[in-house]
Structures are given as structure tokens and as C-alpha cells.
Amino acid sequence: MKISVFGLGYVGCVSLGCLARNGHQVIGVDVDQTKIDQINQGRATIVERDISGIIAEQSEQGRIRATSDYREAILDTDISIVAVGTPSTAKGHLNLRYIFNVADHFAEVLREKNSFHVIAVRSTVMPGTCDKIATLIEQRTDKLRNVDFAVVSNPEFLREGSAVRDYFNPPLTLLGSQSEQATLMMRSLYDALPAEIIVTEIQIAELMKYVNNTFHALKISFANEVGNICSAMGLDSHAVMDIFCKDTQLNISKYYFKPGFAYGGSCLPKDLKGLQMLAHDMYVSVPVINSIHLTNDIQMQRAIGTLMQYVHRRIGFLGLGFKAGTDDLRNSPAVALAESLLGKGCSLMIYDRNINMSKLTGTNKAFIDQHIPHLSQLLATSGRQLIESCDVLVVCTPEAEFADLVSSVNNKVVVDLVRLPKLPNPSNEYIGINWSLTPVEAEVQTY
């Protein structure tokens with residue numbers, strides 16, 4: 001099938017490559033010429049495990065290309081996947097400008113298209129957005145929804161750092177559709193994947209990403225509160241939560257139930273705010289949801305307070321991205337921590353092999369320019385340079401490389417935000433963000 005993908009960021013780039021690997025002809029559409037050139041040169045627009053090889057492979061086989069010509073892309077394809085950004089406004093509502101810019105393109109081009117066209121919205125949007133897109137197209141053309149075209153909701157459940165694996169092994173595939181023809185066409189994209197395809201009402205599908213991500217945000221905060229209590233009592237918070245996670249009968253995922261640092265990224269904070277604003281606008285009181293971010297703020301202040309004890313010593317960050325194995329800096333808790341410490345006069349050095357200033361583009365670059373505009377001056381060229389130059393090491397992402405680096409140092413302060421798989425040697429001062437050493441570990445540290 002011929003497919004166009006609007007937006008070549010994380011979701012768009014992964015969708016482009018994975019759909020092509022499944023045998024489809026795919027055109028990527030973006031306003032950023034740099035991203036277009038990268039795809040046409042067989043290079044991924046993001047740093048993400050496995051995607052670079054897929055993009056190179058599918059480009060060589062002639063299944064993918066990119067363009068800024070939306071007219072050509074719409075006329076030449078049967079399905080258009082919309083994966084443009086929907087950032088939060090200052091008040092927490094969604095900025096749907098990019099979504100409706102794309103909707104304008106469809107209204108313009110579908111006037112002259114005679115075949116049935118499916119618009120699949122993968123971007124995270126508020127319930128009712130697909131209906132507004134369909135109404136806009138109907139008002140500006142002589143086309144009828146679910147007759148000449150259809151707008152369906154097809155939310156993604158991809159995690160940065162494992163997006164390709166998640167694409168090919170989803171927990172489920174969700175389609176919000178009122179059109180049998182559109183449903184059959186969308187099913188053909190996912191029939192080969194080992195997951196149930198669920199077809200539901202469009203607004204239910206639109207809401208599910210918010211419900212899922214709000215619950216994930218809640219799980220992280222809950223585990224951190226348990227971890228802080230355990231830390232105060234001298235107990236191993238991970239032992240407590242490992243036992244808690246033995247109960248899988250209530251569909252509890254282990255992924256988020258690990259005490260650690262604050263949550264961040266481009267999804268959890270934004271979607272939590274989105275659900276809060278939805279409840280506010282509907283005059284529904286949600287005190288638990290409204291308090292979730294307070295625990296996250298406490299976790300950030302906990303890290304800041306710990307590191308302010310070493311304000312006169314050079315602090316080195318191992319990792320800056322939102323997650324290990326990615327260059328996404330947007331709403332990274334490590335960025336927020338670094339920005340706060342710099343504002344308080346701390347001397348910082350940062351090492352993250354995934355961060356290349358010359359390759360940062362779009363909203364990722366805009367975010368870091370706003371929060372740490374002189375980041376390039378803080379970056380170490382290697383992990384070895386950082387650990388030799390800094391007295392305090394802060395492990396911000398669970399890269400295997402960082403565990404090896406920390407295990408090789410002596411007489412350093414190690415602040416662990418990720419729960420290292422093995423402790424540094426006993427000459428170091430080790431601080432877990434919200435866990436204490438077990439008696440056996442403490443004894444080993446002593447000697």
C-alpha cells in the first residue's frame with residue numbers, strides 16, 4: 001500500500017521505516033528541509049535503537065523517500081499518517097496549530113482526489129480533534145466523511161529508546177473509526193503484528209493515550225514516594241517494589257514501578273497537563289491527578305538539595321537525554337536539574353555520547369537553546385575526560401557505559417539517579433536518590 005507520513009520526528013521517522021520494512025511504499029512529509037534531506041540520503045532523523053539501519057536499508061530498496069510537497073504526497077497515497085507535534089501551551093492546553101495546518105493541506109488537496117483517502121491521526125490529541133478535522137474538510141470541499149474520506153484515530157504507544165521494538169511488538173493496536181472501509185485499510189497495516197487490533201469509538205481512542213500516560217506518570221510518583229519512605233527507614237526500596245510487582249494479576253506493569261529520579265520527556269508531563277485541563281474544562285474535581293506533579297517536583301528538589309552540598313566542587317553529569325540511547329532533550333529531568341544547578345552557580349561538565357550539537361534540530365534544539373544555551377561549552381568529549389575532571393558524578397541515564405565508568409573511579413562522590421547494577425568501589429561516597437544500601441552492601445562498602 002502507498003502511505004504518506006506527515007511529520008518526521010520520533011513517531012514519524014519510526015513509522016516511516018517500520019511501515020516500509022513491512023513492504024509498503026512510504027513518503028515522508030515535513031517542512032524541515034534538513035529532515036527531508038536526511039531521509040533521502042538514507043539517514044534517520046533521530047537517534048533511536050535500530051532505526052538508522054532500517055532507514056538505510058529501506059532507502060536502498062527504494063521504499064521510502066521524503067518531500068515538502070504535501071499535494072504530491074496526498075494524491076499519490078491511500079493512507080496519510082499524521083505524526084506532527086502537539087506541544088503544550090503555557091496553560092497546559094494542547095497547541096494544535098501543526099495538526100490543523102496539516103488539516104488545511106488535506107482540505108485543499110482532497111478537492112481534486114477521486115479515490116477514498118484515510119487520514120490516520122497518530123499524534124496525541126484531545127477527544128473531538130478528529131471530528132474537527134473531518135468537519136473542516138467537509139466544509140471546504142464537496143467530500144463527505146466516511147464516503148469520500150475518513151479520519152481515524154490511531155494513537156501510538158512507543159517508548160523512546162525501544163520504539164522500533166515496540167512498533168513490531170505492541171501491547172495492542174487501537175483504531176478509532178466510524179468507517180468500515182477505513183478500518184479494513186488500517187487493519188492491513190497491522191495484521192502482521194503480534195497484537196490484538198481493537199476498534200473503538202474515535203473519541204475513546206483519542207482519550208486512551210492521555211489515560212495511559214497519566215497512569216504511567218502516577219506509577220512513577222507512587223514508587224518514588226515509597227522509595228523516599230524506605231530511604232528514611234534505611235530499607236531497600238527496590239526490594240519492597242520488586243515484591244509489590246510480583247502481583248501481575250491486576251495488570252500492573254513493572255516498567256514504571258522503580259523508585260528513582262523525576263519523570264520527564266515529551267509525553268508524560270504534556271499528557272498529564274492535558275488530562276488535567278480536560279477535567280478542569282468539564283468542572284470535574286481530580287485531586288489525585290492534580291497532585292501528581294507535586295511529588296515529581298519534590299523528587300527534583302531532592303536531587304537539587306543533595307547536589308547543593310557540593311556546590312563548591314565540580315559536578316559531572318553522565319547522561320543528559322530523556323532516556324538512555326536517545327538524543328531527545330525535551331523536558332528531560334536531567335536538563336532541568338542541570339539548568340537549576342547552573343542557576344545556583346555550580347560548575348558542571350556533561351557527557352552523553354548521543355548528544356551532538358550539530359545534529360540537534362527542530363523543537364529539540366529550540367528546547368535546549370532556551371534552557372541551556374551554552375550547552376556546547378559544557379560537553380565533555382569522553383566519559384574518561386569527565387570522570388577525571390569532576391569530583392561529583394551524577395548518573396542520569398542507565399547507559400551500560402556509565403556503570404563501567406563509575407566502577408573504575410576512586411575517591412569520588414557518586415549520586416545515582418538510576419540504580420546502578422553494581423556499586424562503585426568502597427573509596428567512593430555513594431548516594432542513591434531514594435534508596436539506602438542494604439546491610440550486606442554497606443559492609444562491602446566499609447571494606
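Is E138 buried, partly exposed or exposed? I looked it up first: E138 has 24% relative accessibility and therefore counts as partly exposed. I use buried for under 20% relative accessible area, exposed for over 50%, and partly exposed in between (1.4 Å probe, protein chains only).

**Entry: basis**

I note that this is a predicted model, in which local features need pLDDT of at least 70 and side-chain atom pairs count only at pLDDT 80 or more, while totals for chains, interfaces and linings use all residues. Residues are numbered from 1 along each chain as its sequence is written, and side-chain values use heavy atoms, with hydrogens and water left out.

**Entry: salt bridges**

I took a salt bridge as a side-chain nitrogen of Lys or Arg within 4 Å of a carboxyl oxygen of Asp or Glu. The count by this rule is 16. E138 is joined to R145 by one of these, at 3.1 Å from N to O. R145 also forms a salt bridge with D131, with the closest N and O atoms 2.7 Å apart. That pair links distant parts of the chain, 14 residues apart: D131 is in helix α6 and R145 in the loop between α6 and β6 (149-153). For helices (H or I, at least four residues) and strands (E, at least two) I used DSSP runs, numbered from the N terminus. D131, at 42% relative accessibility, counts as partly exposed.

I next looked up E156 and K209, whose side chains meet in a salt bridge at 2.6 Å, N to O. E156 sits in the loop between β6 and α7 (163-168) and K209 in helix α9, 53 residues apart. E156 counts as buried at 6% relative accessibility, and K209 counts as buried at 5%. I also recorded one network, in which salt bridges that share partners join K2, R65, E72 and D76.

**Entry: E48**

I found E48 in the loop between α2 (33-40) and α3 (51-60). E48 is buried yet has no salt bridge; R49, the nearest side chain of opposite charge, is 6.4 Å away. Here Lys and Arg count as positive and Asp and Glu as negative, with His and the chain ends not counted. A polar atom of the E48 side chain lies 2.9 Å from the backbone nitrogen of G161, and the backbone nitrogen of A163 also lies 2.9 Å from a polar atom of that side chain.

**Entry: annotated positions**

I consulted the UniProt record, an unreviewed entry, which lists D30, K35, T86, T124, E160, K270 and R330 under "binding site". Such annotations may be inferred rather than shown by experiment. These positions span 301 residues of sequence and are spread in space, up to 24.2 Å between C-alpha atoms. T124 lies in the loop between β5 (117-121) and α6 (129-140) and is buried, with a relative accessible area of 9%. Beyond its neighbours within four places in sequence, T124 is in contact (heavy atoms within 4.5 Å) with residues including T86 and K270.

**Entry: aromatic pairs**

I counted rings of Phe, Tyr and Trp (its six-membered ring) as paired if their centres lie within 6.5 Å, with planes under 30 degrees apart stacked, over 60 edge-to-face and the rest tilted. The structure holds 4 such pairs. Y167 and F168 have ring centres 5.4 Å apart and planes at 80°, so this pair is edge-to-face. Both Y167 and F168 are buried. Y351 and F402 also pair edge-to-face, at 6.2 Å centre to centre and 70° between the planes. Y351 is in strand β10 (residues 348-351) and F402 in helix α16 (residues 400-407), so the pair ties together parts 51 residues apart in sequence.

Key
Polar contact = N/O pair within 3.5 Å; in protein donor to acceptor, adjacent residues only side chain to side chain.
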